[in-house]
Structure formats: structure tokens, C-alpha cells
Amino acid sequence: MTTTRPTRPRRRADAERSIARIVAAARELLGRDPDATIDEIAAAAGVGRMTLYGHFPNRAELVESALVDALRDGEEVLSAVDLSGDAREALDRLLASSWSLVAESSSLLAAAQEVLPAGRVRELHGAPATRLEDLIRRGQGDGVFRTDLPMAWLVSAVHYLLKGAAEEERAGRLDAVDIAPVVTASVRSLLATPA
């Protein structure tokens, strides 16, 4: 009696590789151009349009998967940042790491903001926002960060400053070497305890 090997696990592994290629291509292309088309992403992934749609029925699901993948990689970087010691110095270290991640993914974020509800984009950024909020609270407890403005506003304002710096660099109005000090000075000023 001849037994045949099941083909289902192989198909699943093939599907996983195909999904990984599609997500990687989406991250790369949307990271350069938030208006990259499904056809361009499929071609870059080496799959047909029908294969792409078989895994991602619409643009929103594909963009969300690419953003989730970028945030997962970013979380690895940010979770390794030393946040001990003086809250202001810890903030400087966090901003230095955050800046590069925001710069890499600002176009991808723009694509996500086009197709995902605002609440979903905010939800996906939960871990980085919580990390920053915890650090701000610690600085507030130490008396070095302001307490007169709402926490949600402070966290959002830091995010807007990072995103704005990425846009200024892309537009050529801010040199890459100047961004980290400009962002750090701006955020420190924003969070400083009022005189």
C-alpha cells in the first residue's frame, strides 16, 4: 500500500512565504510612496494581483499588515532603549531611537491614515504611546516635566513633532544631521515645567 504525503502543510508554508513577501514589498514601497498601487506591490513581491488579493482582500488590510510589521520591528528597537535614570536623559535616548523609526515609516503611516480609521492607527501605536506616557509620568513625579496639560495631548504633541521633523527632512527644509537635536530641543521645551 502506497501512502501519499499530505500537501496541506506545504501549501500553508508557501502561503506564509507569499504573505511575508507581500508585506515586505508593501512596507518598502509604501515607505517610499504612500500612493504605491496594489499592482506595484504585487510586482515587487513577485506575485500576481489575484494572489495578493487572495491574502489581502483590500488595500486597508494590506496597509494595516505592513504597518503592524513595521511597528513590531520598531517595538524591538524601542524596548531595548534604557529608560532608567534621569527622565530627561531617558527621554533624549527614547527620542533618538524613535526619530529614526518615524523617519523610516512616515510614508507608510500616511498610507495607513488614508485607509484606516484614526482610532485604529492610534490603537496600533499603543505600545510606543504607553512607553512615552510612562516616562512622562515619571518625569512629572520627579518635578522635571509639566503637569498643567493633559497627558494625551503631551503624547500626541511629541508624536506630531516627530512626524513633522520627518516631513521637514523629506521636503529638504531640515538636514538629517540637525533633526535629532532639533527634535530633542523641541520636545524638551514642550515638556519642561513652566517657569
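Arg-173 and Glu-168 join their side chains in a salt bridge, at 2.9 Å from N to O. The term salt bridge is used here for a side-chain nitrogen of Lys or Arg within 4 Å of a carboxyl oxygen of Asp or Glu. Arg-173 is exposed, with a relative accessibility of 57%, while Glu-168 is partly exposed at 28%. In these terms, buried is under 20% relative accessible area, exposed is over 50%, and partly exposed is in between, with a 1.4 Å probe and protein chains only.

The model is predicted, with local features requiring pLDDT of at least 70, side-chain atom pairs counted only at pLDDT 80 or more, and totals for chains, interfaces and linings using all residues. Residues are numbered from 1 along each chain as its sequence is written, and side-chain values use heavy atoms, leaving out hydrogens and water.

**Overall form**

The chain contains 9 helices and 0 strands, in the order α-α-α-α-α-α-α-α-α along the sequence. Helices (H or I, at least four residues) and strands (E, at least two) are DSSP runs, numbered from the N terminus. The radius of gyration of the chain is 20 Å, whereas a compact globule of 195 residues would have one near 16 Å. That radius is taken over C-alpha atoms, and the globule rule is 2.2 Å times the number of residues to the power 0.38. Along the principal axes, the C-alpha atoms fill a box of roughly 85 × 40 × 30 Å. Of the 195 residues in the chain, 36% are buried. Among contacts with a separation of 6 or more, 67% are between residues 24 or more positions apart; a contact means heavy atoms within 4.5 Å.

**Salt bridges**

In total, the structure has 16 salt bridges.

| Pair | Distance, N to O |
|---|---|
| Arg-12 and Glu-16 | 2.8 Å |
| Arg-17 and Asp-14 | 2.2 Å |
| Arg-173 and Glu-168 | 2.9 Å |

Arg-12 and Glu-16 both belong to helix α1 (residues 8-32), where 4 residues, about one turn of the helix, separate them. Arg-12 is exposed at 51% relative accessibility, and Glu-16 is partly exposed with a relative accessible area of 38%. Arg-17 and Asp-14 are also in helix α1; they are about one helical turn apart because 3 residues separate them. Both are partly exposed: Arg-17 has 44% relative accessibility and Asp-14 has 30%. An α-helix has 3.6 residues a turn, so residues three or four places apart point the same way.

Not counting residues up to four places away in sequence, Ser-18 touches Val-47, Thr-51 and His-55. The unreviewed UniProt entry annotates residues 37-56 as "DNA-binding region"; such annotations may be inferred rather than shown by experiment, and UniProt positions are given in the numbering used here, with feature names shortened. The span 37-56 is 75% helix and 0% strand, and its end C-alpha atoms are 14 Å apart.

Leu-108, in helix α5, is buried at 2% relative accessibility. Neighbours within four places in sequence aside, Leu-108 contacts Arg-27, Leu-30, Gly-31, Val-63, Ala-66, Leu-67 and Ala-70. From Leu-108 to Arg-49, the C-alpha distance is 20 Å, at 59 residues apart in sequence.

**Helix α9**

Helix α9 (residues 176-191) has 16 residues and spans 23 Å from its first C-alpha to its last, close to the expected 22 Å. The expected span is 1.5 Å times one less than the number of residues. Ile-179, Val-183, Thr-184, Val-187, Leu-190 and Leu-191 are the buried residues of α9. They lie on the same side of α9 because they cover an arc of only 135 degrees around the axis, the arc being that of the directions from the helix axis to the C-beta atoms. The buried residues of α9 pack against α5 (87-115), α7 (126-141) and α8 (151-170). Exposed residues Val-177 and Ser-189 sit on the face of α9 turned away from the buried side.
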